[in-house]
Amino acid sequence: MTERTILVVAHAHRDDTVEAARRVIAALRAAGARPVLSADDRVDLAAVDPAFAEVPVLGADASEQELELAIVLGGDGTILRAAELVRPGSAPVLGINMGHVGFLAEIERDDMDAAVARIIDRDYDVEERMALSVRVKDAAGAVVYETWALNEATVEKASRERMIEVVLEIDGRPLSTFGCDGMVVSTPTGSTAYNFSAGGPVIWPGVEAIAVVPLSAHALFARPLVVAPDAPIAIELLERTDGTGILWCDGRRSHELPPGARVIVRRSSRPVRLARLHPSAFTDRLVRKFQLPVEGWRGAAS
């Protein structure tokens, strides 16, 4: 039987996360699976506990294509990092929340041991989430940068004291030009992240749509938009922009945008796969994560 390879993603900045990584790695080894760490995680964890130096490294000792699953110990930022690590392959990501809100996480830290046992038994479902394909062209129309995003792609001003001047295009047609602090283009998964903070709509994961939200726009028509998933969205920095902009994807990957740069965002052909142990209504997740008041609810009518 082929040895099962499971990526463990954790950082060494919190004692409880280091202890969780020890427990998860020990449980995987006891079940005959091979745990692996990213190179950066192993360096950081081994500085705290030299025993982590014996764990194989992703890329050197195991390829992304060999991964069965990624177990993530952390909050949403760590889950986004894990999604980046497994992107070359097809492994799903299971988040165990060690942070605060942890909206992408499947379970809380108190259920970790039971979760690992179910992973070993392959007792989980896989849910596919829309991702974004992001491309940057220069003023001459040449592609100079390509990447992807699970939550959002944002075009932002690089200088705090200046706005950027943009023209927004949807489905190949110009919609409006205005000055703004930036633009957020979000998936349903990311609708509870930057999009939510910017006043955009919460989109249920089952909805196939992309949200477009201007940031502090100087315009009459600068409301959040929800567009079809297959409609390409383009944001172009007008030549009259004073200064430069910057593209951020999931807050992790960035690229400088000079005047004349054009950012094209569309649905990626490759979704991100999330492992789920407890399929539940998205409404319940919203209530739990945002601690929404539901007192007085008497239940659905029979």
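Which residues in α1 meet which residues in α4? Before selecting anything, note that this is a predicted model, in which local features need pLDDT of at least 70 and side-chain atom pairs count only at pLDDT 80 or more, while totals for chains, interfaces and linings use all residues. Residues are numbered from 1 along each chain as its sequence is written, and side-chain values use heavy atoms, with hydrogens and water left out.

**Stop one: two helices**

Select residues 15-30 for helix α1 and residues 112-120 for helix α4, whose axes come within 10 Å and cross at roughly 30°. That makes α1 roughly parallel to α4, a term for angles under 35 degrees. The crossing of α1 past α4 is right-handed, meaning that the near helix is turned clockwise from the far one by less than a right angle.

Now show the side chains: from α1, Ala20, Arg23, Val24, Ala27 and Leu28 meet Met112, Asp113, Val116 and Ile120 of α4, where contact means heavy atoms within 4.5 Å. By class, the residues of this contact are seven nonpolar, two charged and no polar.

**Stop two: the largest cavity**

A search of the whole structure finds two cavities of 30 Å³ or more, a cavity being a set of points on a 1 Å grid where a 1.4 Å probe fits but cannot get out. The largest holds about 60 Å³ of space. To see its lining (residues with an atom within 4 Å of a point), select Phe103, Leu104, Arg129, Pro188, Thr189, Ser191, Thr192, Pro205, Arg276, Phe282 and Arg285. This lining has five nonpolar, three polar and three charged residues.

**Stop three: the second largest cavity**

Move on to the second largest cavity, with about 40 Å³ of space, by selecting Leu168, Leu175, Ser176, Phe178, Pro214, Phe221, Ala222, Arg223 and Leu225, which line it. If you then colour strand β11 (residues 173-180), you will have marked the source of the largest share of this lining, three residues. The classes here are seven nonpolar, one polar and one charged.

Key: Axes fitted to C-alpha atoms, helices over the stretch in contact; angles between N-to-C directions. Helix = DSSP H or I, 4+ residues; strand = E, 2+ residues; numbered from the N terminus. Parallel < 35°, antiparallel > 145°, perpendicular 65-115°, else oblique. Nonpolar A, V, L, I, M, F, W, Y, C, P; charged D, E, K, R; others polar. 1 Å grid on protein atoms, 1.4 Å probe; cavity = no way out; pocket = protein on both sides within 12 Å on 5 of 7 lines; lining within 4 Å. Points joined across faces, edges and corners; volume = space filled by probe spheres on them.
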